[in-house]
Amino acid sequence: MGSTLTDLSNKLRTTGTKVQDIGNSISNLGKTASIASSAVAALFTAGVKYNADIEQSTKAFETFLGSAEAAEKAVSAIRKQGASSPFDTKELIKANQMLVTTGVSADDSRRTISALADAVALTGGGNDELTRMASNLQQIKNAGKATSMDIRQFAYAGID
């Protein structure tokens, strides 16, 4: 009888361990699902914000360019450029807007910013440098000439 109770006790202990392992697995699965759902929610929120930013940028271009069609065309071309660029689309749009506000056409602005982005990328610069150099171009265009300080700004960024 003693060995029967010992066997039963061992079987109950083994069964209890297996049930505990199953419970731990379910708990871990729940934690993983919670992390995954948090990640999906964060991506969704980021996507909504990105779309709102693009919409706001399109509206700004509409003001500068005078028509919704021209704005859509400009933003679409910049987004296409952004897809193959190391720079954020938002930063490319911002840089283009800086030039468009000086009276440069959307197409000329995109070509100029594209060349500027290539130069900044070759020097190892990122979004901040692109924005700073676009601001420098905006100042030059507004003043109608480049000062020695403007030229130095490009040199500081590594652009000859």
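Visitor: Which residues in α3 meet α4?
Guide: In this predicted model, L92, A95, N96, L99 and V100 are the α3 residues that do it. Across from them in α4 sit A106, S109, R110, T112, I113 and A117.

Visitor: And by class, what's in that contact?
Guide: The contact of α3 with α4 has seven nonpolar residues, plus three polar and one charged.

Visitor: OK, geometry. At what angle do α3 and α4 pack, and how far apart are the axes?
Guide: The angle is about 125°, and the axes are 9 Å apart. For bookkeeping, α3 covers residues 89-100 and α4 covers residues 106-122.

Visitor: So what do you call that arrangement of α3 and α4?
Guide: Oblique. Over 145 degrees would count as roughly antiparallel, and the angle here is about 125°.

Visitor: Is the crossing of α3 and α4 left-handed or right-handed?
Guide: α3 and α4 cross in a right-handed way.

Visitor: Switching topic: what about α5 and α6, which angle and axis distance there?
Guide: Helix α5, residues 127-143, packs on helix α6, residues 148-156, at about 160°. Their axes are 10 Å apart. With that angle, α5 is therefore roughly antiparallel to α6.

Visitor: Left-handed or right-handed, when α5 passes α6?
Guide: Left-handed for α5 and α6.

Visitor: Who makes the contact between α5 and α6?
Guide: From α5 you get R132, M133, N136, L137, Q139 and I140. On the α6 side they meet D150, Q153 and F154.

Visitor: How do the residues of the contact of α5 with α6 divide by class?
Guide: Four are nonpolar, three polar and two charged.

Methods
Residues are numbered from 1 along each chain as its sequence is written. This is a predicted model: local features need pLDDT of at least 70, side-chain atom pairs count only at pLDDT 80 or more; totals for chains, interfaces and linings use all residues. Side-chain values use heavy atoms; hydrogens and water are left out. Axes are lines fitted to C-alpha atoms, for helices over the stretch in contact, and angles run from 0 to 180 degrees between N-to-C directions. Helices (H or I, at least four residues) and strands (E, at least two) are DSSP runs, numbered from the N terminus. Angles under 35 degrees count as roughly parallel, over 145 as roughly antiparallel, 65 to 115 as roughly perpendicular and the rest as oblique. A crossing is left-handed if the near helix is turned anticlockwise from the far one by less than a right angle, and right-handed if clockwise. Contact means heavy atoms within 4.5 Å. Ala, Val, Leu, Ile, Met, Phe, Trp, Tyr, Cys and Pro count as nonpolar, Asp, Glu, Lys and Arg as charged, and the others, Gly among them, as polar.
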